[in-house]
Amino acid sequence: MRIGIVILPDQRWSEARHRWAQADEWGFDHAWTYDHLGWRDLVDGPWFDSWTTLTAAATVTSRIRLGTLVASPNFRHPAAFARQVTALDDVSGGRVLLGLGAGGIGFDSAVLGGETLPPRQRVDRFAEFTELLDLILREDGTTWRGEWFAAVDARNNPGCVQQPRVPFVMAANGPRSMRLVARFGQGWVTTGLGGDDLEAWWGTVAELSDRMNQTLEEAGRDPATLDRYLSLDAAPVFSLTSAGLFAEQVARAARLGFTDVVTHWPRASSWYAGDEAVLAEAAALLPELRR
């Protein structure tokens, strides 16, 4: 079991840098941030660019893997994004995990003045985005045209440090997105299917895990070749309510076959409100939780 943490980009770097360095020192396996232009009701507060934040984080860490949870086509084009991914993989010495998703509705989908797409079209766009990004990151000089994106002689030189490209950790709960994971993903991340009851949420996680197994079988892919990430805080109870609860949630995810879990750095209020002292207690348990 590998254990990661999300650090929201809602603080100035002078305040945030110690969190990234501390996550590295504590021994978390990966650290993530949200790739949004603004997120839910936090859009009215401080918010910073994810890719600049991750690049800065790479300079104050040495071991921990770094990623987006998750980047989407809401405001990114594969040709330009590939350059950013390649640069971060270089700066970090090959520590990038690229979280990708279809993109939701809300501020990100509205701020550029475009229409809000229904779910089917968002997945159509995600399929094109992923296929083109994969091509550009693996091959130099990509020319490609689809319904949503196009590229003319897009370059990737010198390419990623990680070959043939950085790992894709793809968010998917529906059947079409899961098929994309089976085709392109080195990792799959799920948030479950929501709800106000913790046991019911875990039930949806188990159902999705079974569905992913079936998808891989239909695709002829060995399940052992796919890492499985669970965002614990999509549950109706914050995983860092106590160190004991955190340990229980990690163990439960492991029993369902997940290889990785992700929690969130506690905030003073609103989303992921909690006590940093509990995070420190949970961090002390990391060696035991990996057994």
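Predicted model: local features only at pLDDT ≥ 70, side-chain atom pairs only at ≥ 80, totals over all residues.

Biologist: Let us begin with the strands. In which sense do β4 and β7 pair?

Modeller: Strand β4 (residues 96–100) and strand β7 (residues 168–171) are paired in the parallel sense, over 3 bridges. Within this pair, Leu98 stands opposite Phe168. On pairing with strand β8 (residues 187–190), β7 again shows the parallel sense, over 3 bridges. There, Val169 has Gly187 as its bridge partner. Between β7 and β8 the chain passes through helix α6 (residues 175–184), and this β-α-β crossover is right-handed.

Biologist: How should I read a salt bridge, and which residue forms one with Asp227?

Modeller: One looks for a side-chain nitrogen of Lys or Arg within 4 Å of a carboxyl oxygen of Asp or Glu. The structure holds 14 such salt bridges. In one of them Asp227 is joined to Arg2, with the closest N and O atoms 3.3 Å apart. Because Asp227 belongs to strand β9 (residues 227–231) and Arg2 to strand β1 (residues 2–6), the pair ties together parts 225 residues apart in sequence.

Biologist: What is the distance between the closest N and O atoms of Asp260 and Arg2?

Modeller: For the salt bridge of Asp260 with Arg2, that distance is 2.8 Å. Asp260 lies in strand β10 (residues 260–264) and Arg2 in β1, so this pair ties together parts 258 residues apart in sequence. Asp260 is buried, with a relative accessible area of 0%, whereas Arg2 is partly exposed at 33%.

Biologist: Is Asp89 buried or exposed?

Modeller: A residue counts as buried under 20% relative accessible area. Asp89 has 0%, and is therefore buried. Asp89 is part of helix α3 (residues 78–91). A polar atom of the Asp89 side chain lies 2.8 Å from the backbone nitrogen of Val161. Asp89 and Val166 are 77 residues apart in sequence, but their C-alpha atoms are 7.5 Å apart in space.

Notes:
Residues numbered from 1 in each chain as written. Heavy atoms only, no water. Pairing = 2+ DSSP bridges. Helix = DSSP H or I, 4+ residues; strand = E, 2+ residues; numbered from the N terminus. Right-handed = clockwise from strand over helix to strand, strands pointing away. Buried < 20%, exposed > 50% of the residue type's maximum accessible area, 1.4 Å probe, protein only. Polar contact = N/O pair within 3.5 Å; in protein donor to acceptor, adjacent residues only side chain to side chain.
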